[in-house]
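Please look over the sequence and the fold shown here before reading on. The paragraphs below are meant to be followed with the structure in view.

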Amino acid sequence: MDRYAALVDALRTEIPGFRIVRKDRSPLHRAIHRALIVVTFGQMRSYLDSYQTTIGKTVYVTADWDDWSSDRRYVTLRHEAVHLRQFRRLTLPVMAFLYLLVPLPMGLAYFRARFEMEAYAETIRAAAEVWGRSYPTATEYRKYVIDQFLGPSYGWMWPFRRSLERWYDGVLARLEPER
Ligand SMILES: [Zn+2]
């Protein structure tokens, strides 16, 4: 069994009710997509096509998900699994409130940034496991992840580049030694 299939199996046991659903087939996500275009002044148009999204026990995936390599799906699902656990720990209403609104919905979204730091740390660890340490260590990849926090993708959730760089490098420093 490959890593991805094994992780799906493990999550089914860990999170009863866990499921994976196509985002473009969900009326809720089509509505979120339209709302995001409005609130980000047209800068976030790729919500349906580029981002996997977890709500409660469901991971909503892009239409091309099944065409992705199993390793790529595995790395992304490791990130989403962190969100599944956050929802379980905090419950859906508390998680949604903190994630979307506290202290601000955009520009300074402290809790969203904390939740995503926890999840992207897992992305970094999973990428190192699958593709080797050089993958998340690469300048381009580090910039890509940090830009998720600084840019419109998540509503400019955290503006402090230096603190994000320190966080990222701290995650790299704590990676397991390569086998
Ligand atoms: Zn995330």
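What follows goes from the whole chain to its sheet, and then to one residue of a helix.

This is a predicted model, in which local features need pLDDT of at least 70 and side-chain atom pairs count only at pLDDT 80 or more, while totals for chains, interfaces and linings use all residues. Residues are numbered from 1 along each chain as its sequence is written, and side-chain values use heavy atoms, with hydrogens and water left out.

The protein holds 9 helices and 3 strands, where helices (H or I, at least four residues) and strands (E, at least two) are DSSP runs numbered from the N terminus. Read from the N terminus on, the elements follow the order α-β-α-α-β-β-α-α-α-α-α-α. Along its principal axes the C-alpha trace spans about 45 × 40 × 30 Å. Of the 179 residues, 45% count as buried, meaning under 20% relative accessible area with a 1.4 Å probe and protein chains only, as against exposed at over 50% and partly exposed in between.

The 3 strands form an open sheet in the order β1-β3-β2, with mixed pairing; two strands pair if DSSP finds at least two bridges between them. Because β1 and β2 stand at the edges with a single partner strand each, one side of each is left without a neighbour in the sheet. Strand β1 (residues 19-22) runs parallel to β3, joined to it by 4 bridges, and Ile20 has Val59 of β3 as its bridge partner. Strand β2 (residues 53-55), by contrast, pairs with β3 in the antiparallel sense over 3 bridges; Thr53 is the bridge partner of Tyr60, and Ile55 stands opposite Thr58. The hairpin of β2 and β3 has 2 residues between the strands, and in this hairpin Gly56 takes a positive phi near 65 degrees.

Strand β3 (residues 58-61) is covered on both faces, with Thr58 and Tyr60 buried on one side and Val59 and Val61 buried on the other.

Helix α4 (residues 70-90) contains Arg73. Not counting residues up to four places away in sequence, Arg73 touches Tyr4, Trp65, Asp66 and Trp68, a contact being heavy atoms within 4.5 Å. Arg73 is buried yet has no salt bridge, and the nearest side chain of opposite charge, Asp66, is 4.5 Å away. For charge, Lys and Arg count as positive and Asp and Glu as negative, with His and the chain ends not counted, and a salt bridge needs a side-chain nitrogen of Lys or Arg within 4 Å of a carboxyl oxygen of Asp or Glu.
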